[in-house]
Structures are given as C-alpha cells and as structure tokens.
Amino acid sequence: MKIVVVGASGALGSRVADLLVERGHEVVRAHRASGVDAYTGSGLAAAFDGADAVVDCLSLQTLKAAEAIDFFETTATHVGRAATSAGVAHVVVVSIANADDPAVNGKFGYYQGKAAQEAAYAKVVDPASLTIIASVQWFELAEQMMSTMRFGPIAAVPRMRCAPAAVADVAVAVADEVTSGPSGRRKVEVSGPVPMDLVDVAKAVATQTGSPRWVLGVRFGGPAIRGGGLVPADPDVVTTTTLDGWLAGRERAAAGGRR
C-alpha cells in the first residue's frame with residue numbers, strides 16, 4: 001500500500017510512519033520540511049497522488065480555542081478535500097477520546113479544535129472512507145505539561161482523570177487500523193490499561209528523574225475533565241503498557257543514552 005502520513009514529523013506521526021515502513025508499505029512522510037503544508041493546502045495533491053490511504057497525525061501546541069479550531073478545521077478541510085480529489089480509499093484521522101463532547105471540551109480550547117477537526121472531516125470525506133481514531137492522553141503528555149508549566153523547582157499539571165497510554169502503543173493501533181482498510185465511517189476508541197490522574201503520571205516521572213522537585217495539580221478544563229469524562233466507556237482497543245512499564249522503558253532508554 002502507498003500510505004501518506006500527514007504530520008509525520010510529530011511524536012505520533014513519526015512512529016506511525018516508521019511502523020508502516022517496517023511492515024513493507026510505501027510511506028510518504030508529509031510535513032512542511034518535505035514541502036507539504038496542510039494548513040495552506042500546498043503540496044497535498046502531489047503527496048496524495050496514487051495513495052491508498054492517508055493518515056492525519058497533525059497536532060498543535062496551543063490552549064486557545066480560536067487557534068485550535070482554526071488550525072484543525074482548516075487542515076482537515078484541506079486534507080479531506082485533497083484526499084477525495086485524489087481518490088484515496090481510506091482517510092484516517094487521529095483525534096482524542098470524547099473531545100467532541102461539549103461537557104469535555106467546553107472549557108478546553110484544544111479539545112474544541114479536535115471536535116472541529118472531526119466535524120470538518122465528516123463534511124468533506126465520504127463516510128465509507130473515513131475512520132476517526134479517538135485516542136486517550138499519552139503518558140508523554142505529563143512530561144510535556146511539566147515542561148510547559150514549569151516555575152523553577154515547581155511544575156503545575158492539570159488534573160485530568162484519563163486512561164493514559166504509551167504513544168508507541170497508540171501508534172501500533174493507528175498502523176493496524178490504516179492497513180486494515182476502510183469499513184465505513186466509525187470511531188475507534190483507543191484506551192490505556194488503567195484510569196488515573198495525569199498528575200500522578202507527572203509525579204512518577206518527577207520521582208524517576210529527580211526533577212522537578214514538586215508537582216502541583218491544578219484545576220483546569222472543567223469538572224468533566226477532572227471527573228473522568230476523558231475515559232472511554234467501552235474502548236475498541238486497550239493498550240498493554242502500564243505506567244510502571246513505560247517508566248521502565250524510559251529508564252532503559254536513558255541508560256542506553258549514557259553509554
């Protein structure tokens with residue numbers, strides 16, 4: 001299969017692209033450095049020519065609703081239309097579990113953007129060709145949050161009751177779905193093995209690394225996010241890597257880097 005990965009330079013997209021190559025597929029890594037800009041639409045037609053599937057792994061670092069909605073709605077419209085024009089049989093977009101629920105996204109701008117992304121794809125892609133993969137938060141998000149909201153020896157992390165998964169496991173689920181082919185418009189929910197607060201993930205990372213010294217949980221994003229609204233009720237895929245297993249993998253990677 002010829003598969004185009006849009007956002008192939010990101011944490012998830014790069015892993016998905018690598019997995020697909022390992023499985024013997026022809027992979028086009030579409031990102032700005034390769035001459036493809038999904039926001040403007042530049043380069044999409046050429047990248048999608050002859051493709052069997054397109055995977056949207058785009059992300060954006062923002063908490064502002066207006067920025068997130070503009071980015072994800074615009075890129076989804078461009079990618080969806082270009083894929084349709086090129087006759088791509090399967091379009092897969094990676095979203096967030098329950099991000100389209102107003103109770104969840106009402107006070108979280110990024111999730112409003114993901115809801116807009118899902119809606120935009122539904123408008124421009126044939127339902128029979130579209131698959132939305134709704135992933136839970138990743139363990140790696142805790143690290144990102146700590147680095148973003150760091151004040152000397154203190155890091156603030158939003159209280160988010162979720163069922164986090166390792167990004168490597170989510171990449172496997174995405175690759176599996178892409179290569180299985182379209183089966184009609186549906187949403188595939190990917191969950192981690194155990195519900196927990198993202199703050200506890202952050203504290204575990206801080207304990208392992210010795211920094212930051214303190215991790216504080218902050219109220220952010222509304223009661224649904226803190227109260228379990230991000231946890232899929234009946235996920236289609238449950239990943240296997242636990243927090244302890246993920247931490248052990250980080251330790252092995254760090255030890256290898258010190259050699």
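## Pockets, a helix contact and selected residues

Ala 89 counts as partly exposed because its relative accessibility is 41%, where the partly exposed class lies between buried (under 20% relative accessible area) and exposed (over 50%), computed with a 1.4 Å probe on protein chains only. This is a predicted model, in which local features need pLDDT of at least 70 and side-chain atom pairs count only at pLDDT 80 or more, while totals for chains, interfaces and linings use all residues. Residues are numbered from 1 along each chain as its sequence is written, and side-chain values use heavy atoms, with hydrogens and water left out.

Ala 89 is placed in the loop between H3 and S4, the helices (H or I, at least four residues) and strands (E, at least two) being DSSP runs numbered from the N terminus. Leaving aside residues up to four places away in sequence, Ala 89 touches Asp 52, Ser 129 and Pro 182, contact meaning heavy atoms within 4.5 Å. Between the C-alpha atoms of Ala 89 and Glu 118, which are 29 residues apart along the chain, the separation is 18 Å.

Two further residues fall into the other accessibility classes. Thr 75, in helix H3 (residues 65–86), is buried, with a relative accessible area of 1%, and touches Ala 38, Tyr 39 and Leu 58 when residues up to four places away in sequence are not counted. Pro 223, in helix H9 (residues 223–226), counts as exposed at 58% relative accessibility, and its C-alpha atom is separated by 9.3 Å from that of Met 160, 63 residues apart along the chain.

Helix H6 (residues 139–148) and helix H8 (residues 198–209) pack at an angle of about 75 degrees with their axes 9 Å apart, so that H6 is roughly perpendicular to H8. Here the axes are lines fitted to C-alpha atoms, for helices over the stretch in contact, and angles run from 0 to 180 degrees between N-to-C directions; 65 to 115 degrees counts as roughly perpendicular, under 35 as roughly parallel, over 145 as roughly antiparallel and the rest as oblique. In this contact, Phe 139, Leu 141, Ala 142, Glu 143, Met 145 and Met 146 of H6 meet Leu 198, Val 201, Ala 202, Val 205 and Ala 206 of H8. The residues of the contact divide into 10 nonpolar, no polar and 1 charged, with Ala, Val, Leu, Ile, Met, Phe, Trp, Tyr, Cys and Pro taken as nonpolar, Asp, Glu, Lys and Arg as charged, and the others, Gly among them, as polar.

| Largest | about 810 Å³ | 29 residues | Ser 59, Tyr 110, Trp 138, Leu 141, Gln 144 |

A pocket is an open set of points on a 1 Å grid over the protein atoms alone, where a 1.4 Å probe fits and protein lies on both sides within 12 Å along at least five of seven lines, and lining residues have an atom within 4 Å of a point. Grid points are joined across faces, edges and corners, and a volume is the space filled by probe spheres set on the points. The lining of the largest pocket divides into 17 nonpolar, 10 polar and 2 charged residues, and H6 supplies its largest share, 5 residues. The lining of the second largest pocket has 8 nonpolar, 6 polar and 2 charged residues.

Two backbone features remain. A cis peptide bond, with omega about 0 degrees, joins Ser 211 and Pro 212. Asn 98 has a positive phi, near 65 degrees.
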